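Here's a quick briefing to read alongside the coordinates. Let's walk through some strands first, then the helices.

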Amino acid sequence: MNPHLRDVAIPNDWDRRGLPGWSYHSTALLELEKEHVFRNHWQIAGHVCDIPNAGDYLTMDVIGERALIVRGKDGVVRGFNNMCRHRGSRVVADSQGNCKNALVCPFHGWVYNLDGTLRGAARPRSFPDLDKTEFGLMPLDLEVWMGFIFIRFRNGGPQPSVAELLKPIEPEFAHYKAADMVPSWGIWTQKTPVNWKSVRDVDNEGYHVAMAHPALQDLYGATYFDEPFINGVSRSFATYNPHAGRRWSVKNYVKIAPEPTHLPDHLRKAWVYYGIFPNAVLSVMPESVQFYQEFPLSTGETLLRGAIYRYRDESREQAAARYLSFRIDRDTMSEDVQLSVWSNESMLSEAFEGFYLSDLEYGVRTHHDHLRKQIPVLGLETAPEEKDMWNLNDALRSRG
Ligand code: FES
Ligand SMILES: [Fe+2]
């Protein structure tokens, strides 16, 4: 069977330069990224199993926005701005929890129902004209796909529905029955000292695996390949090397992992990564499914966020394999952090002349192309003045 989902021919002659170096260190550009890429594109908030019961909630504070995802008494998962309509306080403070029957604002005590409607203000007689129907929590676009909760901070955007966006990967991803999974260790976050695009650039190509990731190379280096971003989705696929196991974690992983009979043949010894523009990956392995994503904190700092989900009825062997694959991933991630730091800091140097990308890094190029489409100033080799960035970008956008 052809392990490719979509056969993609890499053009013979393509521009091998990456995005201009200035774009990794420009504050004005970062604001354009928030505006045209982060607020109006789908973002993974978590999984329905993170909030299994009525009143369970999770929050996500990113790019200056605050999301609150809460499960209602009717079982429906809804998304809101985590922002009280009185004076803007957070309605819930923690990243995850249960709020029983209502959301009570910690500032002055306004009370919201789990469906976001305002139940009432504290000391209501002090608001003689308050129309409660006008002051519900502000809803966010929300869509659940295979158990994963996607939100969008701005209503509407350049992407279609999540179901439409992810249709190319749906038949393959469906084998993992992710909607029935449960959390492994909860949602994690971590900061890393580089521009978010440097994190994504490293993750968008497997050219560096042989050199930089000894465990991954041992596990699947011989078969790994990347399919670039097309309509916002990429895919990377690898099956275990026949003689995997020089490294302790890999040897034990391959030995302990039970035959995953729930999966079709071509996925039984495979790790697959699906990139979702602009900043997220869903990845599957026989024992687990995970997401990870990046959000800019500033031009030089990024928040990494993700979670791993497991089968509800997993065996002890599956659990051990899941733990070992987590260890392999954890080592891989710290290797990537170092590489992204070195690549990112070079862009402040006068000597930096841009990337020169291999055919094996075509995925980096196609991700950059998606960014350029939303933010055309990224096509300028020389940095515009910071104060001119917005107007220049607007002008280029309107020219199409
Ligand atoms: S800000 Fe929420 S009750 Fe005042
Ligand atoms: Fe890597």
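How many residues lie between strand 16 and strand 17 in the hairpin they form? There are 2 residues between them. Keep in mind that this is a predicted model. With that said, here's the tour, topic by topic.

- Strand 16 covers residues 280-285, and it's mostly covered, with 5 of its 6 residues buried.
- On one hand, strand 16 pairs with strand 15 (residues 270-276) in the antiparallel sense, over 5 bridges.
- Strand 15 and strand 16 form a hairpin too, with 3 residues between them.
- If you want a pair to click on there, isoleucine 276 has alanine 280 of strand 16 as its bridge partner.
- On the other hand, strand 16 pairs with strand 17 (residues 288-298), again antiparallel, over 6 bridges.
- A pair to look at here is leucine 282, whose bridge partner in strand 17 is phenylalanine 291.

**The sheet 1-10-9**

- Three strands make up an open sheet in the order 1-10-9, and the pairing is antiparallel.
- Strand 1 (43-47) and strand 9 (141-145) sit at the edges with a single partner strand each, so one side of each has no neighbour in the sheet.
- On average, neighbouring strands of this sheet are turned by 30° against each other, ignoring direction.
- Strand 9 and strand 10 (residues 148-152) run antiparallel and are joined by 5 bridges.
- Tryptophan 145 finds its bridge partner in strand 10, namely phenylalanine 148.

**Helix 1 and its cover**

- The buried residues of helix 1 are Leu29, Leu30, Leu32, Glu33, His36, Val37 and Phe38.
- Those residues are on the same side of helix 1, because they cover an arc of only 160° around the axis.
- Among the elements covering the buried residues of helix 1 are strand 17, helix 9 (362-374) and helix 10.

**Helix 1 against helix 10**

- Helix 1 (residues 27-38) packs on helix 10 (residues 389-399) at an angle of about 45°, with the axes 9 Å apart.
- That angle makes helix 1 oblique to helix 10.
- The crossing of helix 1 past helix 10 is right-handed.
- Where they meet, helix 1 brings Ala28, Leu29 and Leu32, while helix 10 brings Met389, Trp390 and Asn393.

**Helix 4 against helix 8**

- The axes of helix 4 (residues 196-203) and helix 8 come within 9 Å and cross at roughly 120°.
- Helix 4 and helix 8 are therefore oblique to each other.
- Their crossing is right-handed.
- From helix 4, the contact is made by Ser198, Val199, Asp201, Val202 and Asp203.
- From helix 8, it's made by Asp336, Leu339, Ser340, Ser343 and Asn344.

**Helix 7**

- Ser249, Val250 and Tyr253 are buried in helix 7 (residues 248-256).
- They sit on the same side of helix 7, because they cover an arc of only 95° around the axis.
- The cover over the buried residues of helix 7 includes helix 6 (214-220) and helix 8 (316-346).

Key: Residues numbered from 1 in each chain as written. Chains lettered and ligands numbered in written order. Predicted model: local features only at pLDDT ≥ 70, side-chain atom pairs only at ≥ 80, totals over all residues. Buried ≥ 20, exposed ≤ 12 C-beta atoms within 10 Å, placed from the backbone. Helix = DSSP H or I, 4+ residues; strand = E, 2+ residues; numbered from the N terminus. Arc of directions from axis to C-beta. Contact = placed C-beta atoms within 7 Å. Pairing = 2+ DSSP bridges. Axes fitted to C-alpha atoms, helices over the stretch in contact; angles between N-to-C directions. Parallel < 35°, antiparallel > 145°, perpendicular 65-115°, else oblique. Left-handed = near helix turned anticlockwise from the far one by under 90°.
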